[in-house]
Amino acid sequence: MTHNLGVDVGGTFTDVIVFDEESGDLTITKVLSTPENQSDGVVTGVTRATAKAGTAVGDLDLVFHGTTVVTNMLLEETGADVGLLVTGGHEHVLHLARAWTPGPLYGWMAMEKPEPLADLVDTRGISGRVASPSGEVTEGIDEEEVRAAVDDLVDNGVEAITVALLNSYLNPDLERQVRDVVSAAHPDVPVSISAEIVPEYGEYERTLTTVINDYARPTVIRYLDTLDDALAAEAFDGKMNLVRSDGGLMSSASAKQRPVELALSGPSGGVVGAATLAGKKGVPDVLTLDMGGTSTDVSLVEGGSPSTSRETKVGYREFKSRSVDINTVGAGGGSIARVQINGSLVVGPNSAGADPGPACYGQGGEDPTVTDANVVLGRIPAAVKLGGDLALDRDAARRVMEPIADERGSSVEAAAQAVVDLVNENMYGALRVVSVERGYDPREFGLVAFGGAGPMHANALADLIGSYPLIIPPGPGVMSAFGFLTSDVQNEFTETYLEIETDVSGDDVAAAYDDLREEASEWLRSEGVPAEKHAFDYYADCRYYRQDIQMSIPVALDALTGERGLAEIKTDFETRHDRQFGFSLDAPLEIANLRVIGRGEVAGVELTPEALGDADPAAARIATESVYFAGTHHDTPVYDRDGLRPGHRLAGPAVVIEDDATVVVQPDHVAEIDRFGCIEITRGETQ
């Protein structure tokens, strides 16, 4: 068995990529997603991709799967009914929440505060107390009380139970006892305890995150069981790993226990893949742009490593789960354009999705979308076929764009250009959030663009934000699935520390990491990773004493135990704080939490560079189309990407087509094919 497979479920398409470990060949397939049952689209894509690669599902060794099941569940609020057990007197913890409202200025006026995912009528206070900061149990639990509370909740129809007791991060014994009682009384009801999901201070965040975990568990268990059965029916007997929000991997069994870690499963893979590719090219600092059919995800990669956050945000809910730091906007190829009553043009966030999709898909769509606008502008040439085999309905695209042109009093092409310009501005704003608003100058970064629609808009965005070179990877429409094949098995292990730099030494902090490292090793062994493949990354959540703005700082253990001790951590913290907020304080450093990331290295895709050849791309030229740029039609060469080779040079304007994406090179730019098959675009000459 020499084939691995990555599959990523998006709002419009399910992307599949097969990697042949012996030959190094990559085979790409896209199928329409099936939102009503994602597993149907996954199995269809897997069977088609393996057949296209000349293999079979039963010959696959590893399957890496990114899913939006948890994301969609949180956005649509379609998860399980959760019963919540808390310390008596703290039943309103989810209602009290935090004093937070969304931006921009006066954003709170339009905020619809989400209802807690565990209803108050399904919340029970129970006895049992853990003292702080000692962690001493001052009052034990009453098993009969717990059993009666759980029986009542199950009778009320709850499908999962969350246990979140006060100060359990200091001593998890009471929560474990409660879990044992629940499991003995109702073994078929999933139960999670907060001390294992978020073992750190912050009662609200710990409770919310654990509730979200249980809100998703029944559905995720059913989904993965169904998918396992469907793949088994195709003779698959390899191992399936799920992609975590932080870009790592975990087994299907672990995902059923901790589905909260899947909230940003799909988008993280694209960032990991982009970081891998850019690092190979010697461009370690890049912004990433993943534009699909429904939304656009942007992120920042510094020094070859994706930026990560301890806060994951889906909709209005922000919870404690490590994830790639991604900013998402409702801007995709399927985003619907409309003219408001005041005459202003709006694009998104509503999307035509996979069913019916944009009008040009010929599946009954009647709303003008970004994809329709690109068809009208000629940026999706006549040679393009959806997923490689479905011809686009160009007349339908023009028909749905005409009402916008009429309302604006412009030509259809000018209306389509306005739609494209507006969606580009939306994505430009998202890129500023992860760069300028984090204290980074985007002009010092490259831009890696992927997703089904990203390469079509990336050149305009690179101009807007000033990020060059612009890199379009091979198979940009399936970049997230490619990223899955470069990921490692990993998980995070945390301990609340709460020590000031003047009270502890570097040796003390290094010693405190030992238990976390052993916990990480034990988990990696349970995932089937041999000891020689274990690797560990160390982080400290730091803040100024008596402040609450925390930053996660990478820690080198050998530096901790050296003569500088904690000085290196403090210097790194103050540098980052000053860059992001513009100031530093004359105050001691406090280490709030210690973290260890346990990684099990997986043999992923190896990128093999090729020698550069002739610069003339004439052999790959298949047509000349009239394409609309900045108010003017240009005769524009169209190239087949399969015919382009390293060293080929394309002067803009130009369009490059492939099965999963279309690349647009604007006038006054030049594109070159590099040794890895990437299209690298810079400002330059015009045809």
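**Group meeting: a walk through a predicted model**

Helix H9 is mostly covered, for twelve of its 16 residues are buried, where buried stands for under 20% relative accessible area, exposed for over 50% and partly exposed for what lies in between, with a 1.4 Å probe and protein chains only. Helices here are DSSP runs of H or I with at least four residues, strands are runs of E with at least two, and both are numbered from the N terminus.

Before I continue, some notes on the source. This is a predicted model, in which local features need pLDDT of at least 70 and side-chain atom pairs count only at pLDDT 80 or more, while totals for chains, interfaces and linings use all residues. Residues are numbered from 1 along each chain as its sequence is written, and side-chain values use heavy atoms, with hydrogens and water left out.

I return to H9, which covers residues 265–280. Its buried residues include Ser265, Gly266, Val271, Val272 and Leu277. The expected span of a helix is 1.5 Å times one less than its number of residues. After the helix comes Gly282, with a positive phi near 80°.

Let me now turn to the protein as a whole. Its secondary structure amounts to 17 helices and 35 strands. The radius of gyration is 26 Å, close to the 26 Å from the globule rule for 687 residues, so the protein is as compact as a globular protein of that length. That radius is taken over C-alpha atoms, and the rule is 2.2 Å times the number of residues to the power 0.38. Of the 687 residues, 56% are buried. The C-alpha atoms fill a box of roughly 80 × 60 × 60 Å along the principal axes.

Next, one of the sheets. Four strands form an open sheet in the order S6-S5-S9-S10, with parallel pairing; two strands pair if DSSP finds at least two bridges between them. At the edges are S6 (123–126) and S10 (191–193), each of which pairs on one side only. Strand S9, residues 160–164, is joined to S10 by three bridges, and Val163 stands opposite Ile193 of S10. Helix H4 (residues 143–155) lies across S5, S6 and S9, and runs at about 175° to S6. Such angles run from 0 to 180 degrees between N-to-C directions, and the axes are lines fitted to C-alpha atoms, for helices over the stretch in contact, where contact means heavy atoms within 4.5 Å.

A second pairing is antiparallel: S26 (residues 534–544) and S27 share five bridges. Tyr538 has Val555 in S27 as its bridge partner. In a regular strand the side chains alternate between the two faces of the sheet. In S27, Met551, Ile553 and Val555 make up the covered face, whereas Ser552 and Pro554 make up the uncovered one. Six residues separate the two strands of this hairpin, where Arg546 has a positive phi near 70°.

I close with details of the backbone. Where are the cis peptide bonds that I wish to show? One joins Tyr468 and Pro469, with omega about 5°, and another runs from Gly652 to Pro653, with omega near 0°. Pro469 sits in the loop between helix H13 and strand S24; Pro653 sits in the loop between strands S31 and S32. Leu498, although not a glycine, has a positive phi of about 50°; this residue is in strand S25 and is partly exposed at 34% relative accessibility.
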